[in-house]
Every structure is written in structure tokens, then in C-alpha cells.
Amino acid sequence: MDHNRTPLFSALRRHAENNPLQFHIPGHKKGVGTDSEFRNFIGDNALSIDLINIAPLDDLHQPTGVIEESQKLAADAFGADYTFFSVQGTSGAIMTMIMSVCAPGDKIIVPRNVHKSIMSAIIFAGARPVFISPARDSNLGIDHGITTRSVRRALERHPDAKAVLVINPTYFGICANLKEIVDLVHSYDIPVLVDEAHGVLIHFNDELPMSAMQAGADLAATSVHKLGGSMTQSSVLNLKAGRVNPQRVQTIISMLTTTSTSYILLASLDTSRRNLAVNGHAIAEKAIGLAQHAREEINAIPGLYCFGKEILGGEATFDYDPTKLTIHVRHLGITGYEAENWLRDNINLEVELSDMYNILCLITPGDTEDSISQLLGALRAMVEHYPQVEEVQELVVKIPEIPQLSLTPREAFYGETEVLPFKESAGRIIAEFIYVYPPGIPILLPGEVISQSNIDYIVDHVEVGLPVKGPEDRSIQFVKVIVEESAIF
């Protein structure tokens, strides 16, 4: 296929150049009706292609023209049989994956450290999650993926599951043996869904881990906007034909997608596919080189550590994406949160995330030797401010055991509830989410029984100022639980 073509973007440009008289939405009509300061900042070119699904521009909900052509080109680029554009971000693509294969009451095997969109989809579908604990790295204080061994155990206990979901790569760039997991799950004739939000570049360079489509997965939600150059909120859903019905996927993604689809976002997917298909190997190679140079320099700075190939060798650490720089700061006697805030307040530098022990910096095709040099200078300045300490305070708080699931998340989320003081809620069934993000592992999900260890763990995090999120009461003083019927005597 000719990947220099951009069917949708080219059609949008032609339409703007024709300058038709518009009596349809959007109401700003090529920017004339929008705020003048915003128009001057954004520019008339962008506003001229902020259009809707009129006939020459096709319709994302039932594509038969330039959008269909663009999606076919994307499928070829990503090694898929079908590719669906998402303007609802990767969250929308993930929800589509799950709702395409799960009906009410169906089991789905998922890692415990799932993105909240996965749990949202499980609630919408009425599915019953079977959780697998991710492998935990006690040295770095982060979670990796799930192992083949744990997937095998889950399948032996739940051979009636409708799907297995895998995160690959993890936020920190770590991969398990995805091909091995896919082959195992397929031996049960069960589809594999992959949260590939942080793996768009792995499709285009063999120095990076294997992609979901290369491994033979059935569906994969991939964030083009995160690392591949498209605009925020634009992603793709890739499908291998066989175990999942593509028409069903089209129906579900249409149900979840606004009818006022953004053609600017769609055009950015079309053009980013061109750039990745034509130049992806070279731009990924450049990012890898910059990242490896940065990694070497970071490891020469006293008190900092950025893992590389030496982390590999375990079942959960089969491969890694070197463009993710996980910088361990514990030996400076500070938390990752403190490091993030110091870099923001003193250097005007923003990192991707921070947690108890680490900060994560992403090296992308948008980086240059100059940006890497500035990052290294900022880290050296931070180390001068926080010199390495003699004794490192261990602040390890163990993740409590996964609670008992007494109701499906959907039953609990929509059930009759009451509000209790959180510290007095042990033994009750929670009706909302509580999680610490990052790293994003849910501590409590709707339908689970609250234990005292869960309460203690969450209170410890709140008291040291870590980001506990989820409940309607942001202070975590109160929690919604399922109403219990009193016995009748």
C-alpha cells in the first residue's frame, strides 16, 4: 500500500481550499464565529478543517470513503486485519475491546493493576473480573506485568473466561513474554486483548519489544497520541480476524463514540500513520539512541539509578522499551513526588509521572540532543540540592491481598448504597473505586469486601500526602457501601 497517501487529511485540505458556503455545524464557521484571541492562537488552518461528517468527508460511524481508506492504511501499517480510529482516546478503544467480547455475567481475566477504563468497561458490560496479581519489583517499588505461569493458573481455574487482558508494555516499559501468553490463551480458544497504550513505536522498530499484532493478539488498543505524534485523545484499535467479529467491534465503538467526531483528531491519526509507516524505523531508532545515552549519563550521577537491560531475565521482565526512563530517586532520601515537584518548581521541567520512589521520563520522536542535555542538567542540579544520604529510609507499604469480590462491579456500582465513615467500614461491600495513582493499582473496586488491612493501607497513603483517588468524598473520610438488610426476628 502507498503509505505516502493521507486520504482523510487530503480530503479535508481540498474541502477547505474549495471554501464552500457553510450552513452546518460547527457554529464558528471556519473560525469567524469564535473568540478572536483563541482564533489568533490556534490559526485559521486548524479551524478550517474543524468539520463534521458531511458526505465528502465520510463518517467514522459507518465509514465507506476517505476514513475507510485511512483505516485500511493504518491496519497495514500496524500489521492488523482491521483498524478502527478512536477519538475517545485509548480509554474508548479499551472499553470497546471488552464490551465486544463480554456479556453480562461473563468472566474476564485481567491484571490487578488495570487502567480505570478497563474497570469502567467491566461495569458497563456487567462482566465478572478474575484478577491476576502483577509481579512486583521490590527493589524499584513498581509493578511489572502478569506472567505466563499466573495466566495458566487462571485459565485452569476459569476455562470458561471470555477473554484475557494483558498490559504490554507496562507504563514503565516492561514486557512479559507476550507471544507465549497469547499462544497459551489461544490453546483454550479464548481471545487476547492487549492494553498497548504505551507501545505505539514498538510496531516500527525491531529493537523494541514485540507488538500485540506481531504476537497474534486478537485486539489491541494503542495510543498513537502518547508516543506516535497524533493529537491528544486520538488512538487506534487494532484487530486480528478470527476470534472477534469486526462488525461487532464497529457497532460497539460507534455506541461509545460521539456523533460529533473531531476531524482534526482524525486527520492527525491519518498523518501520524503516514509518518510512522514511512519514517517510523528511523524516528524510533533516534529516540532509542537518545534514551540510551541519557540512561548512561543518569547512572553516572550519584544517587540516581535508571534500569536497563540488566532488569531482564525474570518471567515478568522478558523485554523492555528503552525509551522509558524510570529514574529511581530513593537514595537521595526523597520520594518521586518530591523530585517531580522540585523539577517543576525550580527547573520548569515536567515528568510523565512520579511515585514513592521514581520519576518517569518519556523519550519520544519529539526529543533532541538539546532536550536530553537539559534533562541531564536538571537531574544533576536536583542531586546537588538533595545529596545522597547515608541511610535510606525504607517506606515500603505492602499492597494488601486482593479483597473478596462479593458482587459484580456492575451490581455494586448500581446497587442501593449508604455512606459510612471510611475507618469504620471494615467488612462492608464498597460501591465505588479507591486507588493510588500512580502507579494505578486499585486497592478497592465496587463489589469487594473492605478489610482492615485495606483501610490501614489507604489511611497510611492519605496521611503522607500521596494521591489516593476514586471516591466521591475526595478527603477519603467517608465511603459508599452497599446497604445491608437487617435480619427479621
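Buried means under 20% relative accessible area, exposed over 50%, and partly exposed in between, with a 1.4 Å probe and protein chains only. By this scale Tyr386 is partly exposed, because its relative accessible area is 22%, while Trp342, at 10%, counts as buried.

The model is predicted, so local features need pLDDT of at least 70 and side-chain atom pairs count only at pLDDT 80 or more, whereas totals for chains, interfaces and linings use all residues. Residues are numbered from 1 along each chain as its sequence is written, and side-chain values use heavy atoms, with hydrogens and water left out.

The structure holds four aromatic pairs. Rings of Phe, Tyr and Trp (its six-membered ring) pair if their centres lie within 6.5 Å; planes under 30 degrees apart count as stacked, over 60 as edge-to-face and the rest as tilted. Phe78 and Phe204 form an edge-to-face pair, because their ring centres are 5.6 Å apart and their planes stand at 65 degrees. Phe78 belongs to helix 4 (residues 66-78) and Phe204 to the loop between strand 8 (192-196) and helix 9 (212-215), so the pair ties together parts 126 residues apart in sequence. Helices (H or I, at least four residues) and strands (E, at least two) are DSSP runs, numbered from the N terminus. Both Phe78 and Phe204 are buried. Trp342 and Tyr386 also pair edge-to-face, because their ring centres are 6.5 Å apart and their planes at 70 degrees. Here Trp342 in helix 13 (residues 336-347) is linked to Tyr386 in the loop between helix 14 (369-385) and helix 15 (409-413), 44 residues apart.

Helix 4 also packs against another helix. Its axis and that of helix 12 (residues 263-299) come within 10 Å and cross at roughly 35 degrees; axes are lines fitted to C-alpha atoms, for helices over the stretch in contact, and angles run from 0 to 180 degrees between N-to-C directions. The crossing of helix 4 and helix 12 is left-handed, meaning that the near helix is turned anticlockwise from the far one by less than a right angle (right-handed if clockwise). Contact means heavy atoms within 4.5 Å, and the residues making it include Leu73 and Ala77 of helix 4 and Leu266 and Arg273 of helix 12.

Further along, Ala294 lies in helix 12 and counts as buried, because its relative accessibility is 0%. Leaving aside neighbours within four places in sequence, Ala294 is in contact with Leu325, Ile372 and Leu376.
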